[in-house]
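I opened the model to look up how its strands pair. My entries follow in the order I made them.

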Amino acid sequence: LMQGAMGIFPIPNFTTPADVAISQNGYNYVTNYSTSNPTDRESVRFDYTPTQTWQLFGRWQRGYNGQTGHNEPGILAAWQTGTETYANLDERWEFGGTYTISKNLVDQVSGGYTHNNELMTSPASTNSQFQQTSALSFPNPYASENKNNLLPAMNFSNGANFSYEPRFPLNDVLTWWSIGDGLTYMAKNHQLKFGAYVDSAISFQPHHTGQWGNAGSGIFNFA
């Protein structure tokens, strides 16, 4: 299996006597590529005091981190022949209010909602490099999750370390919301606090292949 698996990797390109003098036989392949990393951050907040007893605030935040290159999350294989595009988008909405019931009693409520989407797309030419063939075939016990019939994740740790992680097509979604309420009572030199808080997080990962999911295509470690 190891000999067959080696066939997915490019042939050595750093093997001349001058190259070996530099690598000391620690590696025999080098690559040079550029990566595009667009990043965007946006935030809007408002504060409003409608009366002497009410204070309100709200906030919206958006973050985007994009990457296009050879060694991005979802494959993590700098030696691949193609490129991949990875995007991580998150948005959050928050609100809060403070109500002064009396000079001794204050109520504070707050909540929020977060939506995160981790997405990666690869062209067909890139996918085919990591798909099983008749010459290199592994069992596919989780075909419903490994729909592209991807080769198992592989880690090589004898000499130069290299690997690949078949976590594509990647389309992870995380939603999270929370709400809390706190009551503060001033009793002379003491503060008495009471409150409640609840939150919920839901993560949807439809692929679960490769070394992160520990299922799907499986994992092979070669030392």
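I began with E7 and E8, which pair in the antiparallel sense over 15 bridges. Two strands count as paired if DSSP finds at least two bridges between them. Helices (H or I, at least four residues) and strands (E, at least two) are DSSP runs, numbered from the N terminus.

The model is predicted, so local features need pLDDT of at least 70 and side-chain atom pairs pLDDT 80 or more, while totals for chains, interfaces and linings use all residues. Residues are numbered from 1 along each chain as its sequence is written, and side-chain values use heavy atoms, without hydrogens and water.

I looked up Val173 and found Phe204 in E8 as its bridge partner. Between the strands of the E7 and E8 hairpin lie 2 residues, and Lys188 has a positive phi near 55 degrees there.

I then asked how many of the 15 residues of E8 (residues 190-204) are buried. The number is 0, so E8 lies largely in the open. Buried means under 20% relative accessible area, exposed over 50%, and partly exposed in between, with a 1.4 Å probe and protein chains only. For the protein, 31% of the 223 residues count as buried.

Next I followed E7 (residues 170-187) to E4, which runs antiparallel to E7 and is joined to it by 16 bridges. Tyr113 stands opposite Trp177 in E7.

E4 (residues 105-121) is also joined to E3 (residues 84-102), antiparallel, by 17 bridges. E3 and E4 form a hairpin with 2 residues between them. Leu89 faces Asn117 in E4.

Last, I noted that the protein has 4 helices and 9 strands.
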